[in-house]
Amino acid sequence: MSYTPKNLGHVVMRVRDMDRSLDFYTQVMGLTIMERSSSGTVFMSADTEKSHELAIRAIGIDANGPDHSVIGQAHMAWQMESFEDLQELYFRLKENDVRIIRIGDHGVSLGVYILDPD
């Protein structure tokens with residue numbers, strides 16, 4: 001049987017500091033907390049019609065940092081409604097001292113590449 005997925009359901013990430021990451025993803029990125037599990041995982045979404053698009057779980061402040069020389073996630077992309085919304089997010093990122101790595105014009109899309117707190 002051949003099939004194609006409908007879309008990406010969600011991404012789960014491990015973070016060092018839950019409070020710092022929640023502040024980043026809610027206050028800076030604008031996501032809404034949809035649920036908190038008893039295990040400590042927090043589920044967030046940009047689209048509140050969905051259960052979540054991002055889940056985060058704290059694994060400790062002393063956890064090893066990302067290593068760009070090994071296999072793993074390179075980035076995730078959030079789609080904005082308009083170019084004006086992307087500009088607004090860009091300025092919010094700057095106001096919150098979020099490290100912007102680069103801006104990429106891919107022809108079919110324009111990306112603002114940032115680093116999250118971890």
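## Basis of the model

Helices (H or I, at least four residues) and strands (E, at least two) are DSSP runs, numbered from the N terminus. The structure is a predicted model, in which local features need pLDDT of at least 70 and side-chain atom pairs count only at pLDDT 80 or more, while totals for chains, interfaces and linings use all residues. Residues are numbered from 1 along each chain as its sequence is written, and side-chain values use heavy atoms, with hydrogens and water left out.

## Strand pairing

Two strands are said to pair if DSSP finds at least two bridges between them. Strand E4 (residues 54-58) runs parallel to E1 and is joined to E1 by five bridges; here Ala55 in E4 is the bridge partner of Val12. E4 also pairs with strand E3 (residues 42-45), in the antiparallel sense, over three bridges. In this case Val42 has Ile56 of E4 as its bridge partner.

## The largest pocket

A pocket is an open set of points, on a 1 Å grid over the protein atoms alone, where a 1.4 Å probe fits, with protein on both sides within 12 Å along at least five of seven lines; lining residues have an atom within 4 Å of a point. A volume is the space filled by probe spheres set on the points, which are joined across faces, edges and corners. The largest pocket holds about 1,600 Å³ of space. Its lining has 44 residues, and the closest to the centre are Gln73, Ala74, His75, Met76 and Ile114.

Strand E6 contributes the most to this lining, namely five residues. By class, the lining comprises 27 nonpolar, eleven polar and six charged residues; Ala, Val, Leu, Ile, Met, Phe, Trp, Tyr, Cys and Pro count as nonpolar, Asp, Glu, Lys and Arg as charged, and the others, Gly among them, as polar.

## The second largest pocket

The second largest pocket has about 620 Å³ of space. Ala46, Glu53, Ala77, Trp78 and Gln79 are the closest to its centre among the 21 lining residues. Helix H2 gives the most to this lining, with four residues. The lining divides into ten nonpolar, four polar and seven charged residues.

## Salt bridges

Side chains of opposite charge can pair when their charged atoms come close. A salt bridge is a side-chain nitrogen of Lys or Arg within 4 Å of a carboxyl oxygen of Asp or Glu, and the structure holds four of them. One joins Arg16 to Asp118, whose closest N and O atoms are 3.2 Å apart. This pair links distant parts of the chain, 102 residues apart: Arg16 is in the loop between E1 and H1, and Asp118 is in the segment after E6.
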